[in-house]
Amino acid sequence: MSRRPKIKITLIDRKGSTPCHRGHKVGDSFDFDTERGKLCPMAMHVFKIERVDVDG
């Protein structure tokens, strides 16, 4: 049985000159399964997804 890969979201850019109202900064990372609700709508426009290998 195949395990679903873990997904890490990393903010890579910022839209506009106004700081994020939730305090996100370029380089912040979140676990897609457990922390995606913490992302503001603007952050959802500028993230990249990378696969994180899981041992086991």
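The model is predicted, and the protein chain averages a pLDDT of 76, with 73% of the residues scoring at least 70. The protein chain has one helix and three strands, and these follow the pattern β-β-α-β when read along the sequence.

**Confidence and overall make-up**

- Among the elements of the protein chain, the highest mean pLDDT, 86, belongs to strand S2 (residues 29-31), whereas strand S3 (residues 47-52) has the lowest, at 63.
- Of the 56 residues in the protein chain, 16% are buried, and the accessible surface comes to about 4,600 Å², with 51% of that area belonging to carbon and sulfur atoms.
- When contacts between residues at least 6 apart in sequence are considered, 51% of them join residues that are at least 24 apart.

**The nonpolar core and Cys40**

- The largest nonpolar core is made up of six residues, namely Ile9, Leu11, Phe30, Leu39, Cys40 and Ala43.
- As a general background to such a grouping, nonpolar side chains tend to be buried together in soluble globular proteins.
- Cys40, which is one of the residues of that core, is also in contact with Cys20, His21, Arg22 and His24, once its neighbours within four places in sequence are left aside.

- Thr10 has its place in strand S1 (residues 6-11), and it counts as buried because its relative accessibility of 12% falls under the 20% cut-off.
- The side chain of Thr10 makes a polar contact with the side chain of Ser29, at a distance of 3.1 Å.
- Phe32 lies in helix H1 (residues 32-35), and, not counting residues up to four places away in sequence, Phe32 touches Ile7 and Ile9.
- Although Phe32 and Thr10 are 22 residues apart along the chain, their C-alpha atoms are separated by 9.8 Å.

**The salt bridge**

- The count of salt bridges comes to one, and this salt bridge is formed by Lys38 with Glu35, whose closest N and O atoms are 3.7 Å apart.
- The pair qualifies because 3.7 Å is within the 4 Å limit between a side-chain nitrogen of Lys or Arg and a carboxyl oxygen of Asp or Glu.
- Glu35 has a relative accessible area of 24% and is therefore partly exposed, since that class lies between the 20% and 50% cut-offs.

Technical notes
Residues are numbered from 1 along each chain as its sequence is written. This is a predicted model: local features need pLDDT of at least 70, side-chain atom pairs count only at pLDDT 80 or more; totals for chains, interfaces and linings use all residues. Side-chain values use heavy atoms; hydrogens and water are left out. Buried means under 20% relative accessible area, exposed over 50%, partly exposed in between (1.4 Å probe, protein chains only). A nonpolar core is a set of buried Ala, Val, Leu, Ile, Met, Phe, Trp, Tyr and Cys residues joined through side-chain atoms within 4.5 Å. Contact means heavy atoms within 4.5 Å. Helices (H or I, at least four residues) and strands (E, at least two) are DSSP runs, numbered from the N terminus. A polar contact is a pair of N or O atoms within 3.5 Å; within protein, one must be able to donate a hydrogen and the other to accept it, and residues adjacent in sequence count only if both atoms are side-chain atoms. pLDDT is the predictor's confidence in each residue, from 0 to 100. Accessible areas come from the Shrake-Rupley method with a 1.4 Å probe; for residues, only the protein chains shown count as cover.
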